[in-house]
There are 2 protein chains.
Amino acid sequence: MQYRVGVIGGGQLARMMTVPAINLGIEIKVLAETENSSAKLAAAVVGDYTDLKTVMDFAKDVDVITFDHEHVPLEILKAIEAAGVSVQPSSKALAHAQNKLVMRKALEKIGAPNPRWLEVSSPAELDSFIGEFGPEVIVKTPIGGYDGKGVRVVRNSSEVSDWFEPAALALLGGALLVEEKVSFVRELAQLSARNSSGEFRAWPVVETRQSNGVCSEVLAPAPNLSSELAKKAKQIAELISSSLEVTGNLAVEMFETADGRLLVNELAMRPHNSGHFSIEGSTTSQFEQHLRAVLDLPLGETEVSKPAVMVNLLGLSNEIDFVENYPELMKQYSNAKLHSYGKSPRIGRKLGHITVIGDSHESALATALQARAAILGVR
Amino acid sequence: MQYRVGVIGGGQLARMMTVPAINLGIEIKVLAETENSSAKLAAAVVGDYTDLKTVMDFAKDVDVITFDHEHVPLEILKAIEAAGVSVQPSSKALAHAQNKLVMRKALEKIGAPNPRWLEVSSPAELDSFIGEFGPEVIVKTPIGGYDGKGVRVVRNSSEVSDWFEPAALALLGGALLVEEKVSFVRELAQLSARNSSGEFRAWPVVETRQSNGVCSEVLAPAPNLSSELAKKAKQIAELISSSLEVTGNLAVEMFETADGRLLVNELAMRPHNSGHFSIEGSTTSQFEQHLRAVLDLPLGETEVSKPAVMVNLLGLSNEIDFVENYPELMKQYSNAKLHSYGKSPRIGRKLGHITVIGDSHESALATALQARAAILGVR
């Protein structure tokens with residue numbers, strides 16, 4: 001007997017799922033976009049995830065289908081579900097991570113804390129929202145955004161006139177999402193997992209720091225957070241996870257406001273950048289937990305016993321391969337845990353991450369930032 | 001640029017090296033004995049490691065050759081070294097791990113603590129040693145032994161008469177090794193690593209418990225060991241590692257005697273069963289460290305901050321596949337870290353291991369033993 005998981009998408013999340021698959025003796029197959037994918041060490045099939053036949057064929061030899069990204073069209077997932085394939089999270093749950101308007105409506109319905117928001121189909125509706133909650137607001141395309149793409153901070157509807165053009169608007173889901181620009185003191189992320197038997201486990205909520213809309217640093221657990229807010233974050237995740245019947249990992253990105261509220265910013269239903277610290281920092285890594293959850297296996301301990309800091313490695317050039325800096329990094333920072341995603345360098349591309357476990361967030365962060373500079377060759 | 005490591009042998013040690021290879025973006029290739037090897041997730045070539053051409057071809061596309069086991073004939077290694085291949089550890093160092101007589105002689109020369117021993121070529125020589133240091137002594141075949149094989153406790157040379165037959169003796173290296181049966185209070189293992197630049201790092205010495213000559217449990221760090229003996233263990237490892245010019249991991253198995261001495265029992269120059277705890281229990285796992293050491297990269301931190309216990313999973317049947325017990329194990333022991341080697345079941349075969357990190361050795365050991373019973377289906 002062998003558990004078999006099929007992952008659609010061959011990025012770093014699929015790559016990092018191969019590690020617990022090796023440890024647990026789970027067979028992992030990846031449907032990758034290209035021959036040279038980040039997850040090519042797993043048994044990778046190269047194919048188009050928007051093609052029903054490709055996905056159906058891929059699903060034949062596995063027990064469950066799960067994801068490295070949210071971009072598989074819902075129609076494809078519904079069709080393979082109808083054919084009897086176990087898709088985790090299901091198309092029904094995943095719809096909320098694929099479409100931000102669907103998400104806002106569902107969160108409102110279940111009573112999870114949204115910022116003020118509106119579905120807008122015309123510049124006039126947007127300008128009216130700006131008049132009420134501006135001067136600045138956040139406009140988001142309901143589908144297709146990630147890492148800051150599909151998100152604009154605007155003061156006037158003219159700044160998203162391209163998105164309102166009928167052809168563009170149709171592609172983006174027929175309407176835009178506008179949200180108040182929340183005045184927050186910091187961003188948090190609550191990562192959790194749920195299996196289809198309903199077992200739920202959450203890691204401690206973490207602090208995430210963004211740079212140009214992309215996750216740059218994560219501090220786990222979130223430093224100086226009241227136990228009340230930590231509890232609240234977990235409750236929000238559990239509410240969303242159970243109400244939307246999420247299986248596998250759920251990341252809830254949140255704002256912590258100056259007046260002590262938590263507001264949901266984004267959802268992801270897969271391993272998430274905010275949880276990479278868990279590989280070294282927790283008893284169960286988010287990648288192992290995701291595999292266990294989608295296979296409906298009991299979940300592992302999520303304890304974090306020491307402060308952990310994760311920093312992303314974003315490409316600073318299209319040429320420099322950071323492998324050349326391994327000796328320097330390893331010599332100077334013998335406790336820095338490096339994760340390479342095996343990608344060719346490109347400016348702004350997520351090429352890897354470094355985690356440091358320390359006695360304090362301050363010392364771990366200082367080491368992690370220096371280690372990042374060393375591996376990226378910043379002098 | 002990419003670091004490329006070739007591993008001869010496709011067992012669980014090669015399998016577990018693939019994890020840090022994924023993390024660090026190191027290309028790993030394995031020369032496996034069979035198609036269905038434990039390390040088949042790595043790019044595995046199937047071939048005979050006693051065939052020079054096979055090994056030479058395998059070595060062509062990698063920066064360095066290292067090992068999952070000690071059984072590659074020295075002539076093969078010398079031949080590929082002569083052809084310019086980097087072999088780590090070198091044939092010169094590895095000779096000491098392949099031949100127990102070579103090892104005893106070298107340890108004596110460098111002043112490492114041996115039990116009393118003798119090279120014996122005849123029953124009369126053996127009986128004379130028994131007369132002096134018996135009534136019981138340990139007879140070992142210099143080559144080919146592992147996990148208790150090639151080792152006998154005897155009171156009379158007649159108990160190893162088969163090994164003294166001329167044809168057998170020639171195969172075993174021309175002589176036998178006899179050692180006093182050390183009266184020990186427990187067995188310890190000192191794992192360390194050294195790169196060819198000479199950097200040396202050791203994990204804390206651990207206590208190993210054997211069952212029928214096979215490692216059964218490991219407690220890390222060794223409980224209740226005086227700091228003096230812990231320091232001594234590390235000094236012995238460093239002496240051996242530097243004197244014999246070992247590169248990569250070195251495991252020194254030792255006896256702790258009632259009168260507070262340490263005596264070297266066995267050496268291994270590769271990742272070792274006594275170091276599996278380091279995957280979760282130390283900043284740097286022994287598998288990552290071995291890859292770094294053989295590539296002459298700087299070594300990682302070897303700190304162990306909490307008590308760790310590792311238990312081996314030895315097959316209790318030729319049929320029962322422990323995968324069926326995953327739900328039970330995971331439900332009851334959510335902090336047990338399971339490692340499966342992906343092998344078909346067989347009585348006595350090492351099928352995997354479990355590590356538990358705890359607040360005390362007692363609690364971690366109790367959990368690990370219960371978890372082992374659960375996964376092996378012992379009711």
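Student: How many of the 8 residues of strand β17 of chain B are buried?

Tutor: A residue is called buried if 20 or more other C-beta atoms lie within 10 Å of its own, exposed if 12 or fewer, and partly exposed in between, with C-beta atoms placed from the backbone. Strands (E, at least two residues) and helices (H or I, at least four) are DSSP runs, numbered from the N terminus. In β17 of chain B (residues 350-357), 7 of the 8 residues are buried, so the strand is largely enclosed by the rest of the structure. The model is predicted: local features require pLDDT of at least 70 and side-chain atom pairs count only at pLDDT 80 or more, whereas totals for chains, interfaces and linings use all residues. Residues are numbered from 1 along each chain as its sequence is written, and chains are lettered from A and ligands numbered from 1 in the order in which they are written.

Student: Which strands are joined to β17(B) by bridges?

Tutor: Two strands pair if DSSP finds at least two bridges between them. Strand β15 (residues 308-314) of chain B is joined to β17(B) by 7 bridges, and the two run antiparallel. Here B:M310 stands opposite B:T355. Strand β16 (residues 337-340) of chain B is also antiparallel to β17(B), with 4 bridges, and B:H339 stands opposite B:H353.

Student: What is the strand order of the open sheet in chain A?

Tutor: In a regular strand the side chains alternate between the two faces of the sheet. The open sheet in chain A has 4 strands in the order β3-β2-β1-β4, with parallel pairing. At the edges stand β3 (43-46) and β4, each with a single partner strand, so one side of each is left without a neighbour in the sheet. Between β1 (residues 4-8) and β2 (residues 27-32) of chain A there are 5 bridges, and A:I8 stands opposite A:L31.

Student: Which helix lies across these strands, and at what angle to β1(A) does it run?

Tutor: Axes are lines fitted to C-alpha atoms, for helices over the stretch in contact, and angles run from 0 to 180 degrees between N-to-C directions. Helix α2 (residues 52-59) of chain A lies across β1, β2, β3 and β4 of chain A and runs at about 160° to β1(A).

Student: How is chain A divided into domains, and how many residues form the contact between domain 1 and domain 3?

Tutor: Domain bounds come from an automatic or database domain assignment; for chain A they give domain 1 (4-87), domain 2 (116-180) and domain 3 (184-376). Two residues are in contact if their C-beta atoms, placed from the backbone, lie within 7 Å. The contact takes 16 residues from domain 1 of chain A and 14 residues from domain 3 of chain A. On the side of domain 1, α1 (12-24) and β4 (64-67) of chain A each give two or more residues, and the largest share, 8 residues, comes from α1(A).

Student: Which element gives the largest share of the side of chain A that touches chain B?

Tutor: In the contact between the chains, 30 residues of chain A meet 30 residues of chain B. The largest share of the side of chain A, 6 residues, comes from α1(A).
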